[in-house]
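Visitor: I would like to learn how to read helix packing and pockets. Please walk me through a case.

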Amino acid sequence: MAIDVESIRKAFPFFETPADGSRPPVYLDSAATTQKPAPVLDALAHYYTRANANVHRGVYRLAVEATELYEGARRTVAAFVGAARPEEIVFTKNATEAVNLLSNSLMWAGDDLRVGPGDEIVVTEMEHHSNLIPWRLLAERAGATVRYLGITDDGRLDLSRLSEVVTGRTRVVAVVHASNILGTVNPIAPIAARAAEVGALLMVDAAQSVPHLPVDVAALGADFVTFSGHKMCGPTGIGVLWGRHELLEALPPFLGGGEMIETVSVDAMRYAAPPLKFEAGTPPVAQAVGLGAACDFLAGIGMDAIAAHDQALVEYALERLGRVPGIRFIGPADGVDRLPLLSFVVDGVPLQKLRTVLDEAGIAVRSGHHCAQLACSRFGIPAAIRSSFYLYNAADEVDHLAATLEGATRSARGGGAAPAFEAGGTARVRPYREVLVPAIFGPWAERLVGALAPAPGARALDVGTGPGTVARVLAAAVGPAGAVVGTDPSPAMLALAREEPPPSGARIRPAPILSGPIDSAPIDSAPIDSAPIDSAPIESVPIQSASIQYVECGAAPLHVSDEAFDVVTAQQVLQFVPDRRAAVAEMRRAARPGARIAIATWLPLERNPLFRALRDAVGAVLGPEEAELFAEPWTLAGEEVAALVEEAGFTGVEVREWTVPVTLPGGPDALCCLFGFSAVASPYAAGHGEALRQAVRELLARNTDERGLHGETAASVVTARA
């Protein structure tokens with residue numbers, strides 16, 4: 001029976017039109033978490049308002065009713081997945097906890113089940129971290145070894161070496177039933193047969209399959225199965241570990257206290273029978289009740305009908321999205337044994353730009369490595385966009401996604417408008433690299449990176465890299481074993497960074513911190529809107545550097561890389577970002593635990609006399625309103641940045657003020673190249689180039705000699721740790 005999507009959507013309050021008439025987003029992130037239907041929300045509300053009591057111990061009527069609701073949910077879940085008896089269902093807070101419960105119990109188990117030194121645990125390269133990290137931890141703590149089943153080029157589980165990998169030394173095989181990044185539905189039967197042959201336990205992660213397919217845990221041939229409630233229309237905070245009853249009886253408990261104990265004396269204790277043995281403390285009663293309601297809701301529609309709907313949707317999505325220029329799917333290219341989720345990249349369009357465009361179009365998708373970094377590495381990508389569909393999605397939403405992606409590809413190929421100060425392309429910005437990088441911005445890059453002292457081999461991110469200034473200094477600091485991502489809101493800046501990569505084994509040598517002459521050709525007095533200023537190449541020195549990947553990050557909202565980094569820098573970019581709070585939050589998301597961050601912002605113009613001269617010249621020639629436009633980048637205080645950094649969750653926040661001497665051999669005219677791409681570059685400065693330069697010469701006459709223009713720049717530097 002076909003699903004009536006419109007009728008189903010009416011059961012979900014999320015899809016109702018708000019009072020303001022706005023429409024909810026096109027929700028394509030159900031692989032992360034699903035929306036909740038009214039019956040589930042009603043069940044939660046009923047428990048909390050009419051049946052809220054603790055379970056099992058109380059004998060008064062309300063406690064008895066709460067216990068019946070809780071145990072009734074257990075019976076419902078058991079029936080939904082084909083468990084032989086309700087006692088085989090252990091409630092946890094999520095599937096991740098269920099896997100950790102099992103892995104820890106196996107470390108403490110009796111000899112027949114214990115994982116110890118010399119034993120092997122087999123996982124696959126397509127595992128979610130929740131079914132990978134617990135087994136890696138168990139192996140580290142128990143002295144065991146982890147082995148892997150690989151992935152074929154078409155995104156399927158490679159079973160060609162099953163007998164070689166799963167051997168007599170294997171104690172546990174942990175395999176995902178359906179991949180959360182590839183969409184692949186794996187064949188469990190041959191793995192179960194091989195595990196049984198060598199006497200290994202088989203644990204199946206069914207977090208993605210139970211919401212979409214009719215799953216019978218007994219028929220799978222597994223010993224344990226885990227899944228989560230929030231991915232199948234249930235509440236968050238509830239997961240399930242199913243295990244064969246005799247195995248649950250043989251395993252020791254994971255946590256102690258509360259319901260997991262039957263009797264205790266000063267020198268003895270007896271555990272409760274499963275499943276209570278594994279449910280220490282007050283259990284997630286309301287969440288279990290909500291999960292039971294979700295199972296009833298899905299069963300009422302029919303899992304066969306849901307599976308058929310999903311199959312038709314993924315086949316249509318593969319065909320329609322497959323027509324997007326440059327799209328590349330990560331996972332099977334056909335709909336056979338496949339969930340309705342598609343992970344993809346679009347060649348030539350940065351991931352950050354894609355997700356920004358999709359969000360602005362009201363499309364909710366996930367981007368990143370999806371807690372499946374091994375699978376990403378297998379296909380040579382750091383991250384991907386993932387669109388995941390469910391019973392409330394329809395073909396027209398696939399069309400909207402495809403059309404939005406097609407628009408993004410057109411824009412990336414030159415169809416989009418550029419900000420006014422980028423209208424001249426790299427020609428306007430080139431003097432920045434050729435004049436100001438060695439004299440002004442290079443020393444700041446050195447100071448910023450020096451303050452963080454990144455370790456060799458570190459992964460580094462620079463936000464607002466300019467034409468590769470900070471990124472190249474970072475690359476030298478982390479060395480060839482490290483990696484650097486340089487981002488900037490300006491396509492022209494990034495074009496310069498990519499235009500002439502430094503020779504292998506070379507980097508920018510910035511001006512020394514102490515004032516002094518710098519090797520550079522003098523600046524002529526060509527009009528501002530003419531060809532780029534001629535200058536000698538930036539000097540470079542041999543050094544072993546990391547590779548640099550340059551990507552556009554946008555400005556509203558700021559989107560940085562989906563990777564995780566040990567060092568994050570931001571040099572003079574927050575001033576140009578409309579939503580600074582969101583920008584700093586993005587930096588926090590990109591910083592791995594313990595990572596260090598440094599953000600530099602210019603101090604007020606009174607502390608930056610060279611820039612103040614530019615502002616004053618604009619005021620004298622163009623008037624006060626244009627002068628205030630030029631002054632905008634110098635209005636963000638370090639204390640404001642520090643507050644944003646603390647709010648984003650960084651710790652150890654410190655604010656410093658640094659002053660760096662500057663010498664520009666080209667004199668005031670060299671500094672005037674800032675007019676060529678500043679906020680007042682167009683249309684205000686057109687035709688006023690010589691007047692602006694003359695005003696700057698007069699303002700800085702006392703700071704100029706035969707060596708050039710001398711002065712200083714000053715900035716606040718906020719440092720912190722993730």
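Visitor: Which residues in H4 meet which residues in H5?

Guide: First, the ground rules. This is a predicted model, where local features need pLDDT of at least 70, side-chain atom pairs count only at pLDDT 80 or more, and totals for chains, interfaces and linings use all residues. Residues are numbered from 1 along each chain as its sequence is written, and side-chain values use heavy atoms, with hydrogens and water left out. Contact means heavy atoms within 4.5 Å. Val99, Asn100, Leu102, Ser103, Asn104, Leu106 and Met107 in H4 meet Pro134, Trp135, Leu138, Arg141 and Ala142 in H5.

Visitor: At what angle do H4 and H5 pack?

Guide: Axes are lines fitted to C-alpha atoms, for helices over the stretch in contact, and angles run from 0 to 180 degrees between N-to-C directions. Under 35 degrees counts as roughly parallel, over 145 as roughly antiparallel, 65 to 115 as roughly perpendicular, and the rest as oblique. H4 and H5 pack at about 15°, with axes 9 Å apart. They are therefore roughly parallel.

Visitor: How are H3 and H10 oriented to each other?

Guide: H3 (residues 61-81) and H10 (residues 285-301) pack at about 40°, with axes 8 Å apart. H3 and H10 are therefore oblique.

Visitor: What volume does the second largest pocket have?

Guide: A pocket is an open set of points on a 1 Å grid over the protein atoms alone, where a 1.4 Å probe fits, with protein on both sides within 12 Å along at least five of seven lines; lining residues have an atom within 4 Å of a point. The second largest pocket has about 720 Å³. Of its 40 lining residues, Ala32, Arg366, His370, Cys371 and Arg386 are the closest to its centre.

Key. Helices (H or I, at least four residues) and strands (E, at least two) are DSSP runs, numbered from the N terminus. Grid points are joined across faces, edges and corners, and a volume is the space filled by probe spheres set on the points.
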